[in-house]
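Here's a quick walk through one protein model, going from strands and helix to cores and charged pairs. Have the coordinates open as you read.

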Amino acid sequence: MLVTEPGAAGEEVWAVRAFPLAAPDEGISLLGSDGHERQWIAHLSELPPPQRELIRQVLAEAEFVPKIQRIRSVSTFSTPSTWAIDTDRGATELVLKGEEDIRRLADGGLLIADAQGLQFGIPDPKTLDRHSKRLLERFL
């Protein structure tokens, strides 16, 4: 609930990051049920700790980006290719349509989009096991 003035009725809002990859703690918009912005937060550090943590928790629940922990196998080294992977959310498969669906992030991580549009993250490819690194390098 967003309460903009003391004694005013609260309004149901949800938080959206303006720059989720480049600047995750900057540019947070609180949107009302009609989709219009109710509040702009330039930087999360502007908020008191309880509100900051609440917004971080809401954002984490809304942003579903499973982290790849291991690549068990790939169906082929050309695309499209089906990958059997282990993530922080469990084992699954993703279909990589093309190498252009693997994005390098500024912090060294990778973001991989599968054929259904779901995003998978690899925060630090160097931390993957040897087998996973070898398979991944074939696509980079």
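What follows is a short tour of this predicted model.

## The β4–β5 hairpin

Let's begin with a pair of strands. β4 covers residues 68-74 and β5 covers residues 81-87, and the two pair in the antiparallel sense over five bridges. Getting from β4 to β5 takes a hairpin of six residues.

Asp-86 and Arg-70 form a salt bridge, with the closest N and O atoms 3.8 Å apart. Asp-86 sits in β5 and Arg-70 in β4, so this pair links distant parts of the chain, 16 residues apart. Asp-86 counts as partly exposed because its relative accessibility is 22%, and Arg-70 is partly exposed as well, with a relative accessible area of 34%.

## Ser-81, a buried polar residue

What does the side chain of Ser-81 reach? This serine lies in strand β5, and at 0% relative accessibility it counts as buried, the cut-off being under 20%. The side chain of Ser-81 reaches the backbone oxygen of Thr-76 at 2.8 Å.

Setting aside neighbours within four places in sequence, Ser-81 is in contact with Val-74, Ser-75, Thr-76, Leu-94, Val-95, Leu-96 and Phe-139.

Helix α2 runs over residues 130-137, and Ser-132, Leu-135 and Leu-136 are its buried residues. They cover an arc of only 100° around the axis, which puts them on the same side of α2. The background is simple helix geometry: an α-helix has 3.6 residues a turn, so residues three or four places apart point the same way. Over on the other side of α2, Arg-130 and Glu-137 are exposed.

What do the buried residues of α2 pack against? The partners are β4, β5, β8 (110-113) and β9 (119-122). At the start of α2, a side-chain oxygen of Asp-129 comes to within 3.2 Å of the backbone nitrogen of His-131.

## Two nonpolar cores

The largest nonpolar core has 16 residues, and Ile-68, Ile-71, Trp-83, Leu-94 and Ile-112 are the ones with the most contacts inside it. Elements giving two or more residues to this core are β4, β5, β6 (90-96), β8, β9 and α2. The largest share, three residues, comes from β4.

Not counting residues up to four places away in sequence, Ile-71 touches Trp-83, Ala-84, Ile-85, His-131, Ser-132, Leu-135 and Leu-136. That list includes Ser-132, Leu-135 and Leu-136, the buried residues of α2. There's also a second, separate core of eight residues, which includes Leu-30, Ile-41, Leu-47 and Ile-55.

## Strands β1 and β2

Now over to β1 and β2, which pair in the antiparallel sense over four bridges. Trp-14 stands opposite Leu-31 in β2. β1 has two faces: Ala-15 and Arg-17 make up the covered one, while Trp-14 and Val-16 are on the uncovered one.

## Charged pairs

How many salt bridges does a search of the whole structure find? The count is five. One of them is between Arg-56 and Asp-25, whose closest N and O atoms are 3.2 Å apart. Arg-56 lies in helix α1 (residues 49-62) and Asp-25 in the loop between β1 (14-17) and β2 (26-31), so the pair ties together parts that are 31 residues apart in sequence. Arg-56 is partly exposed at 30% relative accessibility, and Asp-25 is partly exposed with a relative accessible area of 28%.

Another salt bridge joins Asp-34 and Arg-38, with the closest N and O atoms 3.0 Å apart. Asp-34 is partly exposed at 44% relative accessibility, and Arg-38 is partly exposed too, with a relative accessible area of 30%. Finally, salt bridges that share partners join Asp-25, Glu-53 and Arg-56 into one network.

Notes. Residues numbered from 1 in each chain as written. Predicted model: local features only at pLDDT ≥ 70, side-chain atom pairs only at ≥ 80, totals over all residues. Heavy atoms only, no water. Pairing = 2+ DSSP bridges. Buried < 20%, exposed > 50% of the residue type's maximum accessible area, 1.4 Å probe, protein only. Arc of directions from axis to C-beta. Contact = heavy atoms within 4.5 Å. Polar contact = N/O pair within 3.5 Å; in protein donor to acceptor, adjacent residues only side chain to side chain. Salt bridge = Lys/Arg side-chain N within 4 Å of Asp/Glu carboxyl O. Core = buried A, V, L, I, M, F, W, Y, C linked by side-chain atoms within 4.5 Å.
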